[in-house]
2 protein chains.
Amino acid sequence: MLTLEERIKALRAGACVLASASDSTRKQALECIASALEAHRAEIENANKLDIEKAEKEGISDSLLHRLKFSGDKIDSAVKGLRELSQLPDPIGKVREMRELDPGFVLKKVAFPIGVIAMIFEARPEALVQIAGLALRSGNAVVLKGGKEAEESNRTLVRIIDEATSSLIGDKWILGIESHADVNTMLGLDEDIDLVIPRGSNKFVSYVMEHTKIPVIGHSDGICSVYIDSSADIDMAVRIAVDSKVQYPAACNAAETILVHSEIAPRFLPLLGKTFSELGVKMHGDAETLKYIPSALKATEDDYHTEYLSLECAVKVVSSIEEAIEHIASHGSHHTDAIVTASEEAKELFFRTVDSADVFCNCSTRFADGFRFGLGAEVGISTSKIHARGPVGLDGLMTTKWLLSGHGETVSMYSGPDGRQFHHKELM
Amino acid sequence: MLTLEERIKALRAGACVLASASDSTRKQALECIASALEAHRAEIENANKLDIEKAEKEGISDSLLHRLKFSGDKIDSAVKGLRELSQLPDPIGKVREMRELDPGFVLKKVAFPIGVIAMIFEARPEALVQIAGLALRSGNAVVLKGGKEAEESNRTLVRIIDEATSSLIGDKWILGIESHADVNTMLGLDEDIDLVIPRGSNKFVSYVMEHTKIPVIGHSDGICSVYIDSSADIDMAVRIAVDSKVQYPAACNAAETILVHSEIAPRFLPLLGKTFSELGVKMHGDAETLKYIPSALKATEDDYHTEYLSLECAVKVVSSIEEAIEHIASHGSHHTDAIVTASEEAKELFFRTVDSADVFCNCSTRFADGFRFGLGAEVGISTSKIHARGPVGLDGLMTTKWLLSGHGETVSMYSGPDGRQFHHKELM
């Protein structure tokens, strides 16, 4: 019986097999998983039933129960997702740069799988299927740790996926782990795992970031703002503020703060106050805001640093776009910030100066999402500045390698006063 | 008097000024530095003289003394380098992706400075000038720590650069630090510094990687191999092996191991042995190698894990290209590995399967270098798989942001059975 450490180390060999597997082999493996899920539907539903019964006994909330459930339509749609994934262009080998150093001496920078990736995610069995699919499509071996409530479902799914693909791509590319202790063991294996992508609560993502030397893609906070500029169209401004706050308040890309230029405040704030009140949004405003929205609570400094994730928000009147930008820099989490404005100049200043993963003009912060961005599949959202920032698609699971192809060239030939000169001709 | 921590924290504001400074302002600032270095030539040479005198008293080696020296031609060439840097295309705002989500609703992914970068480098004053220039060109604030032997020169240079640019871009974008204690303080400030780029000894780079939560770009080892395939042209193979090992043995991209297919060994190894012996290269070979190069020492397993950085190398006969690839995977450092072959098939297998930052065919490993690659300027070489891999140019100092520009779009408009559909049209 191998230890967890040995099993994780073994993934390196699996990653090599997967990285050099052809596009059609990886597509075929996705199809094998899709078919296996269909063929083992009853087995999956039974395992999921055990998870559901246990969760019900433990009295988890209806919304968590709903996410935990995996049967019927949800299995169909997971299967459909896998088949769609195989339609995405192969990320391996995609040429990102190409340059001739000298006639016939050609350098290419091509995408290549990162290697062994660990993903930690919520108790939603379809997430496991999706993540395994993303890893396979991108040629990466994967360690999967799903929410503990889905333990039986996840264990069954990993086994089915493993069995369905082992004849094609070996049986060492996917490994499910279960306990918190396993997670800690894994976080210590920085030689064996190349990247960790934790999803779930901010607290958990921060925990991961603090307990590993492995690079982490994730977002630890989503304090997003909508700034209503003096020149904004009032109706558009209300519509965007409402969508950003209310359309799905639990999302990381939902707005937490509405900043309002003082010149437009007398016309905008009463309307916002009325609309938000009708929608049940609790407001925390500064003194200026309270003039126009008397029902708002008095905001504390803390309110402007709070990720409510519910029908609650902070409102502040600012005297200039510069003050709004400065507020976002000092209070936001560099996730997603939007301006509503009719001024091209204000938009340009906001785009140039706001240092966030997503900077939007005249649209809702809720568009910050891999599917809406057209990335094909979403791996996660990153507020890191390194490697990948904002919604991350399959590209985020890739590194690159430089391929240089010559005919016997040596550096000596290019050295000294009589040496050849590089011509560095861009080929794309 | 501010503490080091306060001065580092202050760089965030400087980074914002720099990131939103126009291309022409940053170019002008580079010109100001170039002119100031010319105007303060005597002052710089005097400071450098103090360093040289101290170093001579302490008896440092001639080669280190040569690197430490900064006067005359070297100042001219540093000034020239700054002017060349300002000719490179502006990295800020470079569009990397562009996609229309729906008519008139356009998403762009653009390059943006990372923010505050720390660079640690050897005792070579022109490195300080070059790194300050790279940071300025790319819009990043920078903490500079040069080798302690160049302390006086570096202090003088930082002051001159700071004074030359403060009226244009403020005086908080560049900070020199000096002691080892300062480095440790800096490595602890993971909220304030976004990236550390250490250059210098492998031991030091590893030390940095182990002592900070800040992302690090660097390479901790350079165990590079040249594999001579059965179909290789013998003369080309010798030429490439010699250049890879001998042209500059102290470089990280110099070869440490020569792998030889058993079919070509009887013809290739005697020639290699003779040539290497004439050039003073000490060889450590396996039993097969010793048959053809009797003067070689018997290699131990350690020899194949050693970065000699000198006129010394390991040689091994392998029975197949697969064995060579497996040797590289298990003994190399994923830096630069080359194959010499006349077979297109062997080349493709090597390119697809070897997981190194640089994978070369029929040319010297010594080409792994930012200038030779045509990157314009070299920030460093990375063996990390995250963010940047291989020779890193100005692009490695950039992150991205997503800019989305709409006309009042909300996610509600795109939700539900009657919602609009995204059309996701690629615009580049």
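In strand 10 of chain B, K298(B) is the bridge partner of G285(B); strands here are DSSP runs of E of at least two residues, and helices are runs of H or I of at least four, both numbered from the N terminus. The model is predicted, so that local features need pLDDT of at least 70 and side-chain atom pairs count only at pLDDT 80 or more, whereas totals for chains, interfaces and linings use all residues. Residues are numbered from 1 along each chain as its sequence is written, chains are lettered from A and ligands numbered from 1 in the order in which they are written, and side-chain values use heavy atoms, with hydrogens and water left out.

Strand 9 (residues 282-285) of chain B runs parallel to strand 10 of chain B, to which two bridges join it; two strands are taken to pair if DSSP finds at least two bridges between them. Within this pair, H284(B) stands opposite L297(B). Strand 9 of chain B is also joined by four bridges to strand 11 (residues 312-318) of chain B, again in parallel, and there G285(B) faces V315(B).

These strands belong to an open sheet of 11 strands with mixed pairing, in the order 17(A)-1(A)-2(A)-16(A)-13(B)-12(B)-7(B)-8(B)-11(B)-9(B)-10(B). Its edges are strand 17 (425-426) of chain A and strand 10 (297-298) of chain B, each of which pairs on one side only. Strand pairing between the chains is also found where strand 13 (residues 358-363) of chain A runs parallel to strand 16 (residues 398-409) of chain B, with five bridges joining them. In that pair, F360(A) stands opposite L404(B).

At the interface, 68 residues of chain A are in contact (heavy atoms within 4.5 Å) with 68 residues of chain B. The two chains bury about 5500 Å² between them, 57% of it on carbon and sulfur atoms; buried area is the accessible area (1.4 Å probe) that two parts lose on being put together, summed over both. I386(A), W402(A) and V411(A) supply 13% of the area that chain A buries against chain B, more than any other three residues.

Two salt bridges cross the interface of chain A and chain B, a salt bridge being a side-chain nitrogen of Lys or Arg within 4 Å of a carboxyl oxygen of Asp or Glu. One salt bridge links the side chains of K385(B) and D194(A), at 3.9 Å from N to O. Strand 16 (residues 398-409) of chain A contributes 11 residues to the side of chain A that touches chain B, the largest share.

Over all chains, the whole structure holds 63 salt bridges. In one of these, the side chains of E126(B) and K74(B) meet at 4.0 Å, N to O. E126(B) lies in helix 6 (residues 125-138) of chain B and K74(B) in helix 5 (residues 72-85) of chain B, so the pair ties together parts that are 52 residues apart in sequence.

Chain B also contains an open sheet of four strands in the order 5-4-3-6, with parallel pairing. Strand 5 (174-176) and strand 6 (195-198) of chain B form its edges, each pairing on one side only. From one strand to the next, the twist averages 15 degrees; axes are lines fitted to C-alpha atoms, for helices over the stretch in contact, and angles run from 0 to 180 degrees between N-to-C directions. Helix 8 (residues 180-187) of chain B packs on this sheet, touching strand 3 (116-120), strand 4 and strand 6 of chain B, and its direction makes about 145 degrees with that of strand 3 of chain B. Helix 9 (residues 202-210) of chain B lies across strand 3 and strand 6 of chain B, at about 165 degrees to strand 6 of chain B. Strand 4 (residues 141-145) and strand 5 of chain B pair in the parallel sense over three bridges, with V143(B) opposite L175(B).
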